[in-house]
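Q: Hi! Could you walk me through this structure while we both look at it?
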Number of protein chains: 2
Amino acid sequence: MSNKVKIAIDAMGGENSPKKIIDAIEISLKSNKDNFFYLYGKKNILEKEISNRKFLYNFCEIINTEDVILDDESALSGAKKSKNTSMWKTIESIKEKKADISLSAGNTGALLVISRLLLKTIPGITKPALAALWPNQNNMNVVLDLGANIECSEKNLIDFACMGSALFKSLFSNTKPKIALLNVGLEEYKGNEILKRTFSILKENKMKNFDFSGYIEGNHIMDGNIDVIVTDGFTGNIALKTAEGTANFISKNLKNSLSKFSILLSYFSLKKFKDKLDPRKYNGAIFLGLQSPVVKSHGATDSVGFAHSISVCNKIVKADLIKKIESNLITVDA
Amino acid sequence: MSNKVKIAIDAMGGENSPKKIIDAIEISLKSNKDNFFYLYGKKNILEKEISNRKFLYNFCEIINTEDVILDDESALSGAKKSKNTSMWKTIESIKEKKADISLSAGNTGALLVISRLLLKTIPGITKPALAALWPNQNNMNVVLDLGANIECSEKNLIDFACMGSALFKSLFSNTKPKIALLNVGLEEYKGNEILKRTFSILKENKMKNFDFSGYIEGNHIMDGNIDVIVTDGFTGNIALKTAEGTANFISKNLKNSLSKFSILLSYFSLKKFKDKLDPRKYNGAIFLGLQSPVVKSHGATDSVGFAHSISVCNKIVKADLIKKIESNLITVDA
């Protein structure tokens, strides 16, 4: 087991858990038997779920936790609930180095608070950030921050660039990623003062670990020319959710417009289209900047989506993301 | 002519102008003969364009202007170019009350600068805002600001709510619109300090002209439950462009996925889908807060899109938007 990637999972968090979690583990084992799972949750429920697929015990251990943080609790009340929630114990297990990485589909706010409470930040980082994978014309890019920090300084944004490029290298390609700052125009004088100062620092300092491509506007996030898009958590959250809303609006209207007959006739081509844009592939935001990685799955995703998050966890540990971030960090006068 | 809506048009601004402008006027006349157009631009080019459709002279007058502001000029250099550009003269004609409203598909930055230079703000408004129409499950909503003001105070956001609700009433329905503030969550404690203060002012003061519905997140902009969505110009610009980028990404992938055969088979249903989401219908941002209305058409739109902007101009003048804004404004301790 020592060579395995050890993933701590909050088995109670998110819709249809723990069933979807156990289903996801089963799905993930079809392509990858490298992982071992520590499942935190109500033992009797989890055991019942595994009872008809006992081979899973070769790949996981159940640790009983009595309490559960609800999805609609406030972040603080969730975090303060007890030290025996499935989420708390999951994060604690990476603090104690029992597991390499932790994964939860539960309450995002509580997950961020508990992670900050239990885990130290990487030396040099003051604000950890939430990064997501975003589909583009080539493959995927990384966008951060998505809501962990409402207000960010130029130092924070530069840290995000370093952490985002380390994540991109861990997940996709170990070459120098191209990074850009999300802004309302491409010209150097556009945007607020913090963006302008960040731009000038990144332009003047030659970066070893990424290439700085200047500003990017919202309509070019998905073009595939930029690998890491950096923004404050307020703007990133609005951008991500607006993109989600637009995609939902279009698919709903497309579905309503197509007759059953034409859906049948276009079945294979529409399936190809849906497969490419399947949001489950992009499931899993990554909380970066802490001494251990914390992955957040979408609460509403299904077992296929959760299995994608498991695969992200596996890649992050194998690529040694935390070390990559440490060696990526730059000190500039910001 | 005195009963006509007099629209001043910058006939040289935007792609394929002035041809698309003249085509658009011809299209608009098919459904509405209420308008009279003052066309500012190079007289010889405009006359050549009208030469084979002389009936248009019943509905327009050409005023020669020698200079043109280019689309890729900086806002300031465009605005300072000369007082004889088609754009400058267009705005001047509403300042002098020769026309009721002005319309341009040219350089947005220069249009905002010239409008601010030549036109006074409505008493009580310190920052005019750029509003756009956004499709939703029911019909359309108004979103503002979209980039005129990078940073906004609570007073500005409250003014935007008043102006946006006056615009909504002018274009769609004279009932009390529902307004909401764009934020990263629904809870009262979410967001930055300015949003929190704006929220508490709008919550505590009973508004005569609109109902305050609290916060809205990016993924619900298109649900159709809110009529006016208020945000600062930085966030609004990112949201609008991200939605545009997402829509383009999806349509491109849909097109690539469908075979020619299935496009043929689904022709009518796909046409219905495209018609509903046709961005030309939502063409036309409106610069609100000045003593005369200025409408900005998308530079890349075609004659059908520009004709939609003409129809927006007609509705705004008939509904007496400026008076509606004046009577909508509220004074609160912000």
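A: Helices (H or I, at least four residues) and strands (E, at least two) are DSSP runs, numbered from the N terminus. This is a predicted model, where local features need pLDDT of at least 70, side-chain atom pairs count only at pLDDT 80 or more, and totals for chains, interfaces and linings use all residues. Residues are numbered from 1 along each chain as its sequence is written, chains are lettered from A and ligands numbered from 1 in the order in which they are written, and side-chain values use heavy atoms, with hydrogens and water left out.
Q: Thanks! In which sense do β5 and β10 of chain A pair?
A: Antiparallel: strand β5 (residues 129-135) and strand β10 (residues 285-288) of chain A are joined over three bridges. Within that pair, A:L130 sits opposite A:F287 in β10(A).
Q: And what is the strand order of the whole sheet in chain A?
A: The order is β3-β2-β1-β4-β11-β10-β5-β6-β9-β7-β8, an open sheet of eleven strands with mixed pairing. Its edge strands are β3 (60-64) and β8 (211-216) of chain A, each pairing on one side only. From one strand to the next, the twist averages 25°. Axes here are lines fitted to C-alpha atoms, for helices over the stretch in contact, and angles run from 0 to 180 degrees between N-to-C directions.
Q: Which strands does α5 of chain A touch?
A: Helix α5 (residues 108-118) of chain A packs on the sheet and touches β4 (101-104), β5, β10 and β11 (294-296) of chain A. Its direction makes about 175° with that of β11(A). Contact means heavy atoms within 4.5 Å.
Q: Switching to chain B, which strands is β4 joined to?
A: Strand β1 (residues 5-10) of chain B runs parallel to β4(B), with four bridges between them, and B:D10 is opposite B:S104. Three bridges join β4(B) to β11 (residues 294-296) of chain B, also in parallel, and there B:S102 faces B:V294.
Q: Which way do the β4(B) residues point?
A: B:I101 and B:L103 point one way, B:S102 and B:S104 the other, and all are buried. Buried means under 20% relative accessible area, exposed over 50%, and partly exposed in between (1.4 Å probe, protein chains only). In a regular strand, side chains alternate between the two faces of the sheet.
Q: What about α7 in chain B, what do its buried residues pack against?
A: Those residues are B:L195, B:T198, B:F199, B:I201 and B:L202. They pack against α8 (233-257) of chain A, together with α6 (154-171), β7 (178-182) and β8 (211-216) of chain B.
Q: Last one: where is A:N209, and is it buried or exposed?
A: A:N209 is in the loop between α7 (193-204) and β8 of chain A, and it is buried, at 11% relative accessible area. Its side chain makes polar contacts with the side chains of A:K169 (3.5 Å) and A:N328 (2.8 Å). A polar contact is a pair of N or O atoms within 3.5 Å; within protein, one must be able to donate a hydrogen and the other to accept it, and residues adjacent in sequence count only if both atoms are side-chain atoms.

Terms used. Two strands pair if DSSP finds at least two bridges between them.
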